[in-house]
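This note sets out points for a colleague who is reviewing the model below. Please read each point against the coordinates.

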Amino acid sequence: MKVQAKWTGGMAFNSTGDSSGYDVTMDASGQVGGNDSGPRPMEMILHGVAGCMGIDLCVIMRREMERIESIEIDIDGDRRDTEPKSFTKVDLTVRIKGDVTAKVAQRAVDLSADKYCSAINSLNAEVVTRLELNGEEQ
C-alpha cells in the first residue's frame, strides 16, 4: 500500500492512496501558519483507527448486522507535550445499538483491537525514513 503526498503551498499537502485512488488534503491550523484547509495529520490517524475498527466490527458481526441499528466510535487521543507529540494514550468508545448480546459485541471489539485492526496495531510500527534530494538518494 502506498500513499503520495504533494505540497500544495503554505503548510498544506494533498495525499493520494494508490489502493483506493482517493485523495485527502491535510493542513495545519492557523495558529502555526497553516490555512486550516483540511484535517491535521494526527487527526487522520484517529480517523484511520475509527474506520479500521468499524469495518472490522461489520465483518466480525456480519451475521448480526441485520439486527444492528447503529455503530458509533468515539476516539480521544492524548499526545505528548514535547516533540515528537505522539499519542501516549488512545481512549476508544464503541457504541452499538441493536439486538445483539453484550458477549458478541465485546468479542467483536476485543478481536478488532487485539488482532485485526491494522491501524491500532500500527501505532508503534517501525518507521524507516529515506531522503531523496533533487532526484538523488542521500
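1. Basis of the values. This is a predicted model, in which local features need pLDDT of at least 70 and side-chain atom pairs count only at pLDDT 80 or more, while totals for chains, interfaces and linings use all residues. Residues are numbered from 1 along each chain as its sequence is written, and side-chain values use heavy atoms, with hydrogens and water left out.

2. Secondary structure. The protein chain holds two helices and seven strands. Helices (H or I, at least four residues) and strands (E, at least two) are DSSP runs numbered from the N terminus. Read from the N terminus, the order of elements is β-β-β-α-β-β-α-β-β.

3. Overall form. The radius of gyration of the protein chain is 18 Å, well over the 14 Å that the globule rule gives for 138 residues, so the chain is more spread out than a compact globule. Here the radius is taken over C-alpha atoms, and the rule is 2.2 Å times the number of residues to the power 0.38. Along the principal axes, the C-alpha atoms fill a box of roughly 55 × 30 × 25 Å.

4. Of the 138 residues in the protein chain, 20% are buried; buried means under 20% relative accessible area, exposed over 50%, and partly exposed in between (1.4 Å probe, protein chains only). The accessible surface comes to about 10300 Å², and 49% of this belongs to carbon and sulfur atoms. Accessible areas come from the Shrake-Rupley method with a 1.4 Å probe, and for residues only the protein chains shown count as cover. Among contacts with a separation of 6 or more, 35% come from residues 24 or more positions apart, where contact means heavy atoms within 4.5 Å.

5. Three strands form an open antiparallel sheet in the order 1-2-3. Its edges are strand 1 (3-9) and strand 3 (23-26), each of which pairs on one side only; two strands pair if DSSP finds at least two bridges between them. On average, neighbouring strands of this sheet are turned by 20° against each other, direction ignored. For such angles, axes are lines fitted to C-alpha atoms, for helices over the stretch in contact, and angles run from 0 to 180 degrees between N-to-C directions.

6. Pairing in detail. Strand 1 is joined to strand 2 (residues 12-17) by six antiparallel bridges, with V3 opposite G17 and K6 opposite N14. Four bridges link strand 2 to strand 3, again antiparallel, and T16 stands opposite D23 there. The hairpin of strand 1 and strand 2 has two residues between the strands, and G10 takes a positive phi near 60°. Five residues separate strand 2 from strand 3 in their hairpin, where G21 in the turn has a positive phi of about 85°. None of the seven residues of strand 1 is buried, so this strand lies largely in the open.

7. Nonpolar core. Which residues make up the largest nonpolar core? They are M53, L57, M61, I68, I73, V100, A108 and V109, eight in all. Helix 1, strand 4 (68-79) and helix 2 are the elements that give two or more residues to this core. A nonpolar core is a set of buried Ala, Val, Leu, Ile, Met, Phe, Trp, Tyr and Cys residues joined through side-chain atoms within 4.5 Å. Beyond its neighbours within four places in sequence, I68 is in contact with M61, I96, K97, G98 and V100.

8. The loop between strand 3 and helix 1. Apart from neighbours within four places in sequence, S29 is in contact with G34, D36 and R40. D36 belongs to the loop between strand 3 and helix 1 as well; with a relative accessible area of 48%, D36 is partly exposed.

9. Backbone details to check. Most residues other than glycine have a negative phi, and most peptide bonds are trans. D36 has a positive phi of about 60° although it is not a glycine. N134, also not a glycine, has a positive phi near 55°; N134 is in the loop between strand 6 (132-133) and strand 7 (136-137) and is exposed at 75% relative accessibility. The peptide bond from E83 to P84 is cis, with omega near -10°, and P84 lies in the loop between strand 4 and strand 5 (87-98).
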